[in-house]
Amino acid sequence: MLLQKRRLLHLVVLIGISAQLISAGSLHWGNRPFEERLEHAKRILRESPLIDGHNDVAMDIRSVVQNRLEEFPFDQNLTEIEPWASRMACNTDLPRLRAGLLGGQFWSAFVPCSSQYKNAASQTLEQIDVIHRLVKKYPDDLQFVDSADDILAAHANGKIASMIGVEGGHSMDASLGVLRTFYNAGVRYMTITHSCNTPWGDTAGMEDTPEFDGLSPWGKSVIGEMNRLGMFVDLAHVSAQTMRDALEVSVAPVIFSHSNARGVCDVHRNVPDDVLLRLRENGGVIMVNFFPAYLSDDPNSANISSVVEHINYIRDLIGEDYVGIGSDFNGVPFFPIGLEDVSKYPHLFAELLLDEERWNDESLKKLAGLNLIRAFREMEKVRDDLSGMSPFDEPIPREDIVDHLDCVNEWPKPKEL
Ligand SMILES: *[C@@H]1O[C@H](CO)[C@@H](O)[C@H](O)[C@H]1NC(C)=O
Ligand SMILES: *[C@@H]1O[C@H](CO)[C@@H](O)[C@H](O)[C@H]1NC(C)=O
């Protein structure tokens, strides 16, 4: 009798252990209730960093408090503090980043196209400066990084790996010296255009009236210089022909820091299939944007499923190794139902866990950040391979900017100095 009881106990313990094993592994998440999937999604993001390609909170710090950080309580829940709470895009603060288990962020150093040919470069340096100051102010939560290995080190250290991307080629003022200075200030991607053409490349919004039909010859050498430096070429916002030209020229993986698939939502900001196929050859990553207008023809009803649709479309077309996340939080006024702010990333992964045909723990870790880290390493290898090359120092041809020279102080001739 005693023996039988012991056997029964043994059996019960064994069943308990195997149930635990099943729930800890990646078996049959599709059958599990939401709360269990959410917990598992969080476990995945604790083990491996979620890296977001684009967040515009630095733009808000400038526009609301002119970069006075003492007036920006990033360690508070900003949905409870004015003037932040009333803003349309109040998506990001440290408590919510922690709740969302973000592991790495490219903070955007964005200045508007209206500053082109004016003070774009100095405003961009101010945005780079405010991001550095923000990271320094919150050392328990943020750690500045500028390499692939350091993203993993920061994550292992419990910090959000903080990187800088410059959003728009207008920021470099058609000057390779400015581009190199951005690199030296820690910038690790530059978007080739924002919503204006630069004097060397075409933007997506003006595809019907291209100036260069993609990149000018000098624009192509900017791509080469970025490869030499080890700065990602970001093809969000550029015209489809600029995407193709850059992919033709770049010897390093490129990124789309916040872009979606035209095959799902046919708008100019999204990426055509032929470019996605070339991205696979290039080894780059497209980081999927959450802006409803780029997700769905019916933006008002965009929800987590709309983001999943883009992720799955890209995965089915080019595979699971070239897709990532690039929310654009704080950059646009609306977000999908269920993905309203940075605390909600795990909800997206909990939704993907339902789809066991496509996703398991390993592939979700790639989507979250390992794909970006892999591309980052390959870019760094190209930089190292090119380390014997001299910096490219040919100024932009005068005829390419002659229409805009009115506010340029030309370098005096030697005898006038
Ligand atoms: C932030 O505040 C809002 C409104 O009070 C609340 O719903 C949300 O749970 C809070 N988030 C965190 C991470 O504290
Ligand atoms: C998103 O909305 C569609 C209907 O528009 C619905 O079928 C789907 O279940 C929703 N997705 C989620 C995750 O709620």
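Predicted model: local features only at pLDDT ≥ 70, side-chain atom pairs only at ≥ 80, totals over all residues.
Helices (H or I, at least four residues) and strands (E, at least two) are DSSP runs here, numbered from the N terminus.

Residues are numbered from 1 along each chain as its sequence is written, and side-chain values use heavy atoms, with hydrogens and water left out.

**The overall picture**

The protein's secondary structure amounts to 15 helices and nine strands. Its radius of gyration is 23 Å, which agrees with the value near 22 Å that a compact globule of 417 residues would have; the radius is taken over C-alpha atoms, and the globule rule is 2.2 Å times the number of residues to the power 0.38. Along the principal axes, the C-alpha atoms fill a box of roughly 110 × 45 × 45 Å.

Of the 417 residues, 54% count as buried, where buried means under 20% relative accessible area, exposed over 50%, and partly exposed in between (1.4 Å probe, protein chains only). A contact means heavy atoms within 4.5 Å. Among contacts between residues at least 6 apart in sequence, 71% join residues at least 24 apart.

**Cysteines**

Which two residues form a disulfide? They are Cys 113 and Cys 196, with sulfur atoms 2.1 Å apart; the rule asks for a pair of cysteine sulfur atoms within 2.5 Å, and by it the count comes to one disulfide. Cys 113 sits in the loop between β2 (104-109) and α5 (120-137) and Cys 196 in the loop between β5 (187-191) and α8 (217-229), so the pair ties together parts that are 83 residues apart in sequence. The torsion about the S-S bond is about -80°, so this disulfide is left-handed.

| Residue | Relative accessible area | Class |
|---|---|---|
| Cys 113 | 19% | buried |
| Cys 196 | 11% | buried |
| Cys 90 | 13% | buried |
| Cys 265 | 0% | buried |

**Helix α9 and its neighbours**

In helix α9 (residues 240-249), the buried residues include Ala 240, Thr 242, Met 243 and Leu 247. What do the buried residues of α9 pack against? Their partners are α8, β6 (232-234), β7 (255-256) and α10 (273-282).

**Back to Lys 344**

Lys 344 has 22% relative accessibility and so counts as partly exposed. Leaving aside neighbours within four places in sequence, Lys 344 is in contact with Gly 338 and Leu 339. Lys 344 and Val 145 are 199 residues apart in sequence, and their C-alpha atoms are 24 Å apart in space.

**Backbone details in the loops**

A few loop residues deserve a look at their backbone angles. Glu 82 and Pro 83 are joined by a cis peptide bond, with omega about 5°, and Pro 83 belongs to the loop between α3 (57-65) and α4 (94-99). Asp 173 is not a glycine, yet its phi is positive at about 60°. Asp 173 lies in the loop between β4 (160-167) and α7 (176-184), and is partly exposed, with a relative accessible area of 37%. Asp 213 also has a positive phi, near 55°, and is found in the loop between β5 and α8.

Terms used. Chains lettered and ligands numbered in written order.
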